[in-house]
Amino acid sequence: MRIRKYQSKDCKELTELFYNTVHIVNAKDYTQEQLDVWAKEEIDLEKWNESLQKNYSIVAVENQRIVGFGDIDHTGYLDHLYIHADYQRKGIATEICNQLEQAVLGNITTHASITARPFFEKRGYKVIKEQQVERQGIFLTNYVMIKER
């Protein structure tokens, strides 16, 4: 596996990975209705690409296939960290997270899903608060977490 910077040509593959990961990996912690509003089938590729280009965004590649990705902005907000359902628990998220955390100075903040919370806690992140995020009238639980440095 190698990690490289995000390129615009990766966008479609990343959005498919995001959709599938949410609908497979997070299904144990969220209802189908919640998954459907979190990761919709119709994704605005232009908006995604713009966001990923603005942030420090990296992808993990194995055998010419993107198996994970993540991004962080200049303020230390870690926005996305998603690993392909078939590549969970292989250290990919750890490696991506290591590189994202090294890309900025100061504290790191993320809004972690129920599924991702234990991963971030093992990395030293602390829950600041539990919150209910509303999407199209549906509420999803996540956690504002911070890693102080």
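User: Leaving aside its neighbours within four places in sequence, which residues is V25 in contact with?

Analyst: In this predicted model, V25 is in contact with N20, A85, Q88 and T115. Contact is called when heavy atoms lie within 4.5 Å. V25 itself lies in helix α1.

User: Why is V25 called buried?

Analyst: The relative accessibility of V25 is 18%. Buried means under 20%, so V25 at 18% counts as buried.

User: How far apart are V25 and E50 in sequence and in space?

Analyst: V25 and E50 are separated by 25 residues in sequence and by 26 Å in space, taken C-alpha to C-alpha.

User: How do you know that the length of helix α1 agrees with what a helix should span?

Analyst: Helix α1 covers residues 11-25, which is 15 residues. The expected span is 1.5 Å times one less than the number of residues, so α1 should span 21 Å. The C-alpha atoms at its ends are 20 Å apart, which agrees.

User: Which residues of α1 are buried, and what covers them?

Analyst: The buried residues of α1 are C11, L14, T15, L17, F18, T21, V22, H23 and V25. Their cover includes the helices α2 (32-38) and α3 (45-54), and also the strands β2 (56-62), β3 (65-72) and β4 (77-83).

User: T21 lies in that helix. Why does T21 count as buried?

Analyst: T21 has a relative accessibility of 3%. The cut-off for buried is under 20%, so T21 at 3% counts as buried.

User: What does T21 touch, and which backbone oxygen lies 2.7 Å from a polar atom of its side chain?

Analyst: Not counting residues up to four places away in sequence, T21 touches N26, Y82, I83, H84, A85 and Q88. The backbone oxygen is that of L17, 2.7 Å from a polar atom of the T21 side chain.

User: What is the volume of the largest pocket, and which residues lie nearest its centre?

Analyst: The volume of the largest pocket is about 1,400 Å³. Its lining has 48 residues, and F18, W38, D79, L81 and Y82 lie nearest the centre. F18 is also one of the buried residues of α1.

User: Which element gives the most to that lining, and what is the make-up by class?

Analyst: Strand β4 gives the most, with 7 residues. By class, the lining of the largest pocket has 23 nonpolar, 13 polar and 12 charged residues.

User: Where is G76 found, and why is G76 called buried?

Analyst: G76 is found in the loop between β3 and β4. Its relative accessibility is 1%. That value is set against the cut-off of under 20%, so G76 counts as buried. Apart from neighbours within four places in sequence, G76 is in contact with V104, N107, I108 and T109. Between G76 and Y143 there are 16 Å from C-alpha to C-alpha, and the two are 67 residues apart in sequence.

User: What makes R135 partly exposed?

Analyst: R135 has a relative accessible area of 36%. Buried is under 20% and exposed is over 50%, with partly exposed in between, so R135 at 36% is partly exposed. R135 is found in strand β6 (residues 126-135).

User: Which residues does R135 touch, and how far is R135 from Q34?

Analyst: R135 touches V37, W38 and L140, with residues up to four places away in sequence not counted. R135 and Q34 are 101 residues apart in sequence and 8.4 Å apart in space, C-alpha to C-alpha. W38 is also among the residues nearest the centre of the largest pocket.

User: Why is N142 called buried?

Analyst: N142 has a relative accessible area of 13%. The limit for buried is under 20%, so N142 is buried. N142 lies in strand β7 (residues 138-147).

User: What makes the pair of N142 and Q131 a polar contact?

Analyst: The contact joins the side chain of N142 to the side chain of Q131 at 2.8 Å. A polar contact needs a pair of N or O atoms within 3.5 Å, and the 2.8 Å between these side chains meets that distance limit. Q131 is also among the residues that N142 touches, including H111, A112 and S113.

User: Why do N63 and R89 count as exposed?

Analyst: Exposed means over 50%. N63 has a relative accessibility of 67%, so N63 counts as exposed. R89 is exposed because its relative accessible area is 81%.

User: Where are N63 and R89 found, and what are their phi values?

Analyst: N63 is found in the loop between β2 and β3, with phi near 50°. R89 is found in the loop between β4 and α4 (92-102), with phi near 60°. The phi of N63 is a positive value in a residue other than glycine, and R89 likewise has a positive phi without being glycine.

Definitions and conventions:
Residues numbered from 1 in each chain as written. Predicted model: local features only at pLDDT ≥ 70, side-chain atom pairs only at ≥ 80, totals over all residues. Heavy atoms only, no water. Helix = DSSP H or I, 4+ residues; strand = E, 2+ residues; numbered from the N terminus. Buried < 20%, exposed > 50% of the residue type's maximum accessible area, 1.4 Å probe, protein only. 1 Å grid on protein atoms, 1.4 Å probe; cavity = no way out; pocket = protein on both sides within 12 Å on 5 of 7 lines; lining within 4 Å. Points joined across faces, edges and corners; volume = space filled by probe spheres on them. Nonpolar A, V, L, I, M, F, W, Y, C, P; charged D, E, K, R; others polar. Polar contact = N/O pair within 3.5 Å; in protein donor to acceptor, adjacent residues only side chain to side chain.
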